[in-house]
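Could you walk me through this model in the viewer, one selection at a time? I'd like to know what to pick next and what is there.

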Number of protein chains: 2
Amino acid sequence: MEMWFSDRHTDGVKLSIRIEEQLFSAQSEFQRIDVLDSKEYGKILVVDGDLTLTEKDEFIYHEMITHVPFAVNPEIKDVLVMGGGDGGVVRELIKYESVRTIDVVEVDPLLVEVCRKYMPEIANSLTDERVTIFHEDGVKYIRSKADTYDLIIIDSPNPFGAGEGLFTKEFYGNCYNALHEDGIMINQNESPFYEEEAYQCQRMHKRILSTFPICKVYQAHLPSYPSGHWLFGFASKVYHPLNDLKKVEWKLLGVKTKYYEPRLHAGVFALPVYVEELLRDVE
Amino acid sequence: MEMWFSDRHTDGVKLSIRIEEQLFSAQSEFQRIDVLDSKEYGKILVVDGDLTLTEKDEFIYHEMITHVPFAVNPEIKDVLVMGGGDGGVVRELIKYESVRTIDVVEVDPLLVEVCRKYMPEIANSLTDERVTIFHEDGVKYIRSKADTYDLIIIDSPNPFGAGEGLFTKEFYGNCYNALHEDGIMINQNESPFYEEEAYQCQRMHKRILSTFPICKVYQAHLPSYPSGHWLFGFASKVYHPLNDLKKVEWKLLGVKTKYYEPRLHAGVFALPVYVEELLRDVE
């Protein structure tokens, strides 16, 4: 039997992965969750029909969303992860001894449960004693916080469905308030290539830019995501992602990685001409 | 009616693009050539069933295979293009006034004819007076050349089928001989992500490394190619791609681009940890 899962990239483009077995499927209070198993990508987490992570390339996404801010401020202590119920961001965070508390705001308890059962190598990180999981709406959670975190990572799927509220100007403003005076906010910033995502990418950039004094976009090669060209936003109150890079300090921490290295740091912020133009249009 | 073209990336992965119309299909003496039309990617050239170029993202491939060597030696005069019958590389080359001769060795006359008919915006470059097209086998063509070119661009599809001979050690040795003493050779170097291509990528790198004293690999975000993470090889007799970068000289030429810029130059050579390790294994 041949079974293929297709991830829609646009109305006219889809990436299909051959599936060995559907390991799990259920509708939670918030979304439909599927876990598929494949030879090429290993286990795949699918949320509301969209490919969310694969065992083969999740290291790229999770390393790039986590280590870039630590190479700028290697003394980050208190971290908030918005979404991230799969545990991938937390797995990277707990590599830092300096990190004291990790608050994970994941609205859907079933997502955490499913990832812990089917992807323990990623999700077992959530049992680290520094981690507290809040099964709450991130938009509400952040409103009451002030001057609390060194780093906020917005590990949200996309600007539709359950996570919609994590992409508004009000939300970014509340993140700003929840950060210490040298705080950094990182968000997944969609892809610049296909029109629909490029529009979302511009909209996010514009909103963050109007909230934080420093806001730069960086990129990674992420094969399982639409176009494979994925962007992240680095927003900060004081640190400049390039001028304040602490290459040696980060290297001395001895954090093991498979994608990120400070050697790549400047390069990931050097965006192709058409991407620079896309962002400049809203600056 | 729904019609989809699927490009096989591995046995378990394919990228599918919705097709409006099949514009052309024929078997030449060397290969099967198809031209498809799509809303998302514009016209698509398919050779032996493999996606070869799309109107939407060919600028990324062609700019990256062409402008990187010119930013290191902006005085390149005589250029050999191996393959490249679609005219994409030549369209970038003729942006340089310094370029005096462009020899294109494209074994298949039908490929040139089809591209000129269906993709004139790319292939009309081939009518430039500096261009000579040789419908010959590249492997044979290169054997008789010595100290002739400043730059050789190996714009070959992949190490299987018609272009197989363009990936041997003997061929790279002949390219070395065909270059002037400060010559540069650029090749498309496959992708590091899927196992089969990663192996080809290593094999090419090893062979070129044993032929040229300087050999570095660089990358681009190329959405329509497998994994979207594409590599190129920069091989040279004397120039180092980073130490000899001539940023200002290149900028002064006023070449218009949509992807490449010397601002990106160092970053494209900064490869992710897992790619560095893949290449180091054969160094």
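Predicted model: local features only at pLDDT ≥ 70, side-chain atom pairs only at ≥ 80, totals over all residues.

**Where the chains meet**

Start by showing chain A and chain B together: between them they bury about 3300 Å², 64% of it on carbon and sulfur atoms. Buried area here is the accessible area (1.4 Å probe) that two parts lose on being put together, summed over both.

Residues are numbered from 1 along each chain as its sequence is written, chains are lettered from A and ligands numbered from 1 in the order in which they are written, and side-chain values use heavy atoms, with hydrogens and water left out.

Next, select the contact itself (heavy atoms within 4.5 Å): 39 residues come from chain A and 39 residues from chain B.

For the charged pairs, look for 2 salt bridges between chain A and chain B (a side-chain nitrogen of Lys or Arg within 4 Å of a carboxyl oxygen of Asp or Glu). Zoom in on B:Arg263 and A:Glu276, which form a salt bridge with their closest N and O atoms 3.8 Å apart.

Finally, colour the strands (E, at least two residues, as DSSP runs numbered from the N terminus). β2(A) and β2 (residues 13–18) of chain B run antiparallel, joined by 5 bridges; strands pair if DSSP finds at least two bridges between them. Pick A:Ile17, and its bridge partner in β2(B) is B:Val13.

Methods: Helix = DSSP H or I, 4+ residues; strand = E, 2+ residues; numbered from the N terminus.
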